Amino acid sequence: MRNSRALHIYTWVVVAWLTLPVAVMIAFGFNDTPGRYNQTWEGFTLKWYGRVFGIDALTEALLVSLVIAIITAVVAGALGTGIGYALGRYRFRGSGTVNLILFAAMSAPELVMGASLLTLFVSMGVGLGVTTISVAHIMFSISFVSVVVRARVLTLDRSLEEAAADLGATGWTTFWRVTFPLILPAVGSGMMLAFALSIDDFVVTNFTAGTTVTFPLWIWGATRVGLPPQVNVMGTLIFAVGVLIAVLSGVRSRPRRRRG
Amino acid sequence: MSDTPAIEFVGVHKEFQSHGETVHAVRTLDLAIGQGEFFSLLGPSGCGKTTTMRMIAGFEDPSAGTVFLDGKDVTGVAPNKRDVNMVFQSYALFPHMSVFQNVSFGLERRKVAKAEITRRVGEIIEIVSLTGMEKRAPREMSGGQQQRVALARALVNRPRALLLDEPLGALDLKLRQQMQVELKRIQREVGITFVYVTHDQGEALTMSDRIAVMQGGRIDQLGTPREIYEKPATRFVAGFIGTSNLLEGEVRSIDDGIATLSSAPGDCVLVPVPGSVAVGDKLEISVRPEKIELERGTEAPSDCSVVAGTVSEVVYHGTSTNYAVTTAAGPEFTVFDQNAANADDLAVRGDKVFLYWNAQHSYPIGV
């Protein structure tokens, strides 16, 4: 059918559009380039994978970013879950305002957010570094976590928690034995989202970093003198881990068939 | 059986605020449910039956009045501190737990010893006929099986009363009828008070020891299934439980406790009345469709109520034939005729017929 052929072509064009940049990044991690410039194909090699941690400053920047991303995922995960649960489960005074603030935090331009955070930190006399970056990242990630968690809580059958209470469970037991296991996938997605937002954030980080150098900041600095292939290798590895997690969670959350 | 009611409501009132308006879900309710009774709260949606049940469970607190469980005031006591358990309409099985984990959840909360838990769960699983399925996840079971798990999860705690909120609503007809029998059997075996919320009058009639028919936050009638069916106290009950033919008339004369009502010429409507009814009173009576005989003759027995009419609809049901008959008396009558030996001699549309029934089968409403 002509129609389906057109649809096929369209689909593959979109797929290519989405994957080509990633493919280029991955390919140039295997480029046998001799100098600092990694922009023309010189042949296949695996040597950059052997020397992935060969540039100390880059390695350190990656570690700083990982630490910040993990802190962000954990703290924003915990706080965002609390907010998301409260918004999804209860109607209370100010719940509308909280909703609004969450969306404002998500839609505010990063540039504005970064600049105002810098002003805030400086006027408070806080020294810029890993702490300020983490505070900033947690701040913009909370919204994403709580929106994801709230959506799950809204679809959760209210009578499940009532049933737990009816069977003698306290509020605390009900949350940890019934509610939390059921919203865990959403909490996990929210935390992964927070991690992903944090590890490659440039704009807000640039404002709040002081002299600290994160992975994106190092790359930005290096572009002026040419990117070493190690950057591609690290990018590829981060991408691979992300894909792995996505595939694993996809397999896990697929509904199992009914047996009887 | 002790004299203390298992559940007692004294002057219980419940109102909600909804869009700035006060909704009276339950109005000044007095109710006592006996030990070991199978008690049904029956009514259309919004009649207050579910709110009443949720006040027993503790999910709602009354705006006024007192709730007693076993003679103990539990008003304001949290659901997890009440000795009753509920079977939810959606079953509310914990999807991330196996059947065993679901059923043992309540016992674990009461810190029952492990061996005892295993024993009691095994026992109740056998009662609900689910032996061998302990390790299954709820989603791997059919609707009927999930229903049994929900029942077991509540019963294993040996509650003072079991609350069932339209528990059979999600099942298909065959399974529902099967589960009705099953529920009755289980209740006999465990001897626990069952409070059953339903809008299905057939279900309530077949299973209950007593039924409270609710409407608009009030109990219209409380009685055994037989009382409620044979002697509906209000027009609403007469219409909600089964089918009723309602007739109005003025009392013309009273002879030996049987009143003759005003009727169309040639008709005669008799009804047994209590002494409080006098000549000249307006009465509304109800007659069940299966008590009425339909005859194509011209002569009718003199001691019966007789109404002449014309058949307007005939619906053949296999075991019975349902007729709609228009009459001069006003309302269209519904008549259920058993298809016995005379099944090939059915009236057809347009036939002139006499409807007659024994005077004792007329029932005056609200006197």
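**Exercise 1.** Decide whether B:Val271 is buried or exposed.

*Solution.* Count the C-beta atoms around the residue: B:Val271 has 27 C-beta neighbours inside 10 Å, so this residue counts as buried. The cut-offs are 20 or more other C-beta atoms within 10 Å for buried, 12 or fewer for exposed, and partly exposed in between, with C-beta atoms placed from the backbone. This is a predicted model, in which local features need pLDDT of at least 70 and side-chain atom pairs count only at pLDDT 80 or more, while totals for chains, interfaces and linings use all residues. Residues are numbered from 1 along each chain as its sequence is written, chains are lettered from A and ligands numbered from 1 in the order in which they are written.

**Exercise 2.** Find what joins β14 to β20 in chain B.

*Solution.* Strand β14 (residues 282-287) of chain B runs antiparallel to β20(B), and 2 bridges join them. In one of the pairs, B:Ser286 has B:Tyr363 of β20(B) as its bridge partner.

**Exercise 3.** List contacts of B:Val271.

*Solution.* Leaving out residues up to four places away in sequence, B:Val271 touches residues including B:Leu283, B:Ile285 and B:Pro364 (contact: C-beta atoms, placed from the backbone, within 7 Å).

How values were computed: Pairing = 2+ DSSP bridges. Helix = DSSP H or I, 4+ residues; strand = E, 2+ residues; numbered from the N terminus. Contact = placed C-beta atoms within 7 Å.
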